[in-house]
Amino acid sequence: MNAPVSLPEAAGATPVMAQYFEAKARQPDALVFFRMGDFYELFFEDAIKAAAALGISQTFRGNHNGQPIPMAGVPVHAAEAYLAKLIRTGFKVAVCEQMEDPSEAKKRGSKAIVRRDVVRIITPGTLTEDSLLDSRGANRLAAVALRAGQAAVASVELSTGQVESLLLAPSGLAAALAALSPSETLVPDRLFADEHLSAALKLSGGLVQPMAQALAEPSASEARVKRLYGVETLDGFGGLSGAEISALGLIAAHLEVTQAGRMPALSPPRRAGEADVMAIDPATRTSLEIEKTTGGQREGSLLGAIDRTVTAPGSRLLAERLARPLLDPARIEARLDAVQWFLERRRLREETREGLRRAGDMARALSRLALGRGGPRDLGCLRDGLKVGEALAGLSVGEPLTPPPAEIEAALTAIAPSNSIDLSGLLATLETGLGPDLPAQARDGGFVAEGIRPELDQARGLRDDSRRVIAGLETRLAAESGVPLKIRHNAVLGYFVETTAGKADPLFQPPLNATFIHRQTLANQVRFTTVELADLDARIAQAGERALAIEVQTFEAWRDQAAALAEPLRAAAAGLACLDVASALAEWAEDAGACRPSVDNSLCFDAKAARHPVVEAAVRRQGDPYTPNDCCLDGAGAQGARLSIVTGPNMAGKSTFLRQNALLAVLAQSGSYVPAQALTLGVVDRLFSRVGAGDDLARGRSTFMAEMVETAAILTQATPRSFVILDEIGRGTATWDGLAIAWACAEALHDTNRCRALFATHYHELASLEERMAHVSNLSLRAKEWNGDLVFLHECGPGPADRSYGVQVAKLAGVPPPVVVRAREVLERLEADSHSPARLEGLPLFEMAAPTPPKFGPSPAEEALKGLDPDGMSPREALEALYRLKGLI
């Protein structure tokens, strides 16, 4: 959409259009918002594209090389709404601003033009304005790099300054990108040749931005990262790998271009490894609807069901925790301790949540200030956040004998300005210095309180007194002339006397023409000035300009003071968000009757009376009860089955049962209570879900093919610590083919992967696996027939289902009665046929046999070749690698 276009020849252009051509040549793949007075104008192809995308008028203005110039424009005061629409549509926008006042340009000569320059390039991953962002969702810019067989994903949340770096195996890129859900991903162009990486990028959901491979070279990347952080060495960041430096270097290069040299205040990279968080691939995230539904909405997802946060930063932190559950039981227990602390102290929880409602989004306000886009309201946000922090830090003082858990104590320490002389000083400055009414931009003035700057008070007094004199002068001139008139003001004429055309004649005649000097005649008005009015105009303008200059100077000083305290301010913002999440989860736990899970390093999964948090909330809104169910699995096979075969009729709740147990693992390892009477969970390293059917037509995959691809990923990646839920494997093909595939997959999960798994199926023949394998059990969702109708009990109990009740479900769905009757007849005939189906016991396919090693696969030379990184090798290393490959052959 932002493909570079062929630019018109700049020769023969007017000076203003020459400026435009220069800006466009620097950003040929972006729409150029060219500031002209109170409008941003777009020209040539930019105008045609923007007009179509925004639904605004596209006109023509002037000529260039004998052709009319297409033009479209949007008002400056409404530009953000138009920008948001363009960014959502997939465009990149370069903002070319006026860098001086037109009056300054006139001083260089009557034909001089206003100086303009590109001050910012707006892309999906570099948004910072509240009007362009989802306040409760993160907006990340990510970068991917591969080097020496390792992959790295770096990300920055520019609106908060948070930076992360993740080192992992190339096979884990899809899950890592799905967890981050970046709005924009930077990728070296040569990596698009990698089929697996291209597939992972398509599933990430955001804009994928190709970057020149040279920008990912280690030495150049290291230099850019050092410039970004203003350091001489990167050793202080914990020994970043070459792949991590390359990924961070791509982000630094992108920020240098898009921010036009104005670097944000960023936190040091927070490093993580693949072993730190639960791996959840994109298909599983979609299936479980963790952060959003399959339709893309927050409402109806797990996040939407449990989110009780009262601040936008808290909501973003909760979403981040759900997206990346932890693997370390100690860290999980620390989060659970914080939730339990608030759960046991309802009054303290209520006071904390009430106080947090007054806190703004400090992290995003700080980022805007650092980038030069903030205003007095952002300073007010910092002031309010620090005041809330001071108040909340004193709430727990009343319990000296029961100190808060470590996570709460760390948050309370971070949010209290009294723990830092610098933060206390900033809070005192902003509390006394900011007035009650804060404008969005410093140039609007009126935000510095009285008594802070004596020279400002003096300039304001002169300005305001002069305005009162203007009002008196208007009354006197009207009385002396006998003509009804008004004194008005505009940016071109300044102050002037205005009267209607029909009443203006006396002012042109003696003796009044000696006082009233004609300035301008319009269709219905005539405008004049006087010597006295011109003098007052100059005095007012000077006083107003001086007052505004002092306010802007004061704002810049306060902004620099805040930017110098970026680290403690970010820590305070993070502390407030942490308190919000802990108190919100406690609030939800109390409302939902949730329990604290026990998380350890075993291979057990034992849930008592568990419930699906989203479905339960929906049925409760309808006034219906929810039926809880137990589930016990043990990868070691000691306390329960490793694999449970789940059968039962359609609509009985098999899919809900599968999903609810997977979501219990997500909630528990995120540090949340769970909707159950009890849960014992051995840490899950990878979560897989194959529930629901859907094709992938864009990639040429049928429903069955998509199902098999996802199943293959599970069978090749699941470990003994993984948790797998599978629903209806094999249903998209012929009955015996599907049964064969389902049987073989169940055997592989039990014998090879040895993971905890729930396997829902309508192939009742699989129930015999309980007798054939050591650690398999049968579960079924109950239903009963009553007077010819089917009643779903939604109860899960031991043993297989006796039948699937498909004909009864068809009747409930509204299938015409003659069709239902005919189906029942056919079913009875098939069930009565003793030759159908064949007995499974006689089929060699289903005879238990030890797995045989595959006959085909990559050779050792091919495996070694995959691990080589030609771009990262010296000539000597390349020659040595060539000899090694020859030896392997």
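A: **The largest nonpolar core**

The largest nonpolar core has 113 residues, and those that touch the most other members are Ile306, Leu382, Leu569, Leu579, Phe605, Phe723 and Leu758. The model is a predicted one. Helix α21 gives the most to this core, with 15 residues.

Not counting residues up to four places away in sequence, Leu579 touches Phe342, Leu356, Leu392, Ile408, Ala411, Leu412 and Ile415. Another core lies apart from the largest one; it has 27 residues, including Ala145, Ala216, Leu228 and Leu255.

Helix α21 spans residues 566-592 and packs against helix α14, residues 362-370, with the axes 8 Å apart and at an angle of about 155°. Angles over 145 degrees count as roughly antiparallel, so α14 is roughly antiparallel to α21. On the α14 side the contact is made by Met362, Ala363 and Leu366, and on the α21 side by Ala566, Leu569, Arg570, Ala572, Ala573 and Leu576. By class, this contact has eight nonpolar residues, one charged residue and no polar ones.

Strand β19 covers residues 604-610 and is joined by four bridges to strand β22, residues 678-682, the two running antiparallel. Within this pair, Asp606 has Thr680 of β22 as its bridge partner. The sheet is open and has four strands in the order β18-β22-β19-β20, with mixed pairing. Its edge strands, β18 (598-600) and β20 (629-634), each pair on one side only. Ignoring direction, neighbouring strands of this sheet are turned by 10° against each other on average.

A second open sheet has six strands, ordered β3-β4-β2-β1-β5-β6, and its pairing is also mixed. At its edges stand β3 (59-64) and β6 (116-122); each has a single partner strand, so one side of each is left without a neighbour in the sheet. From one strand to the next, the twist averages 35°. Inside this sheet, β1 (residues 31-36) pairs with β2 (residues 39-43) over three bridges in the antiparallel sense, and Phe34 stands opposite Glu41 in β2. Helix α2, residues 44-54, lies across β1, β2, β3 and β4 (67-75), and runs at about 45° to β4.

Technical notes: Residues numbered from 1 in each chain as written. Predicted model: local features only at pLDDT ≥ 70, side-chain atom pairs only at ≥ 80, totals over all residues. Heavy atoms only, no water. Pairing = 2+ DSSP bridges. Axes fitted to C-alpha atoms, helices over the stretch in contact; angles between N-to-C directions. Parallel < 35°, antiparallel > 145°, perpendicular 65-115°, else oblique. Contact = heavy atoms within 4.5 Å. Nonpolar A, V, L, I, M, F, W, Y, C, P; charged D, E, K, R; others polar. Core = buried A, V, L, I, M, F, W, Y, C linked by side-chain atoms within 4.5 Å. Buried < 20%, exposed > 50% of the residue type's maximum accessible area, 1.4 Å probe, protein only.
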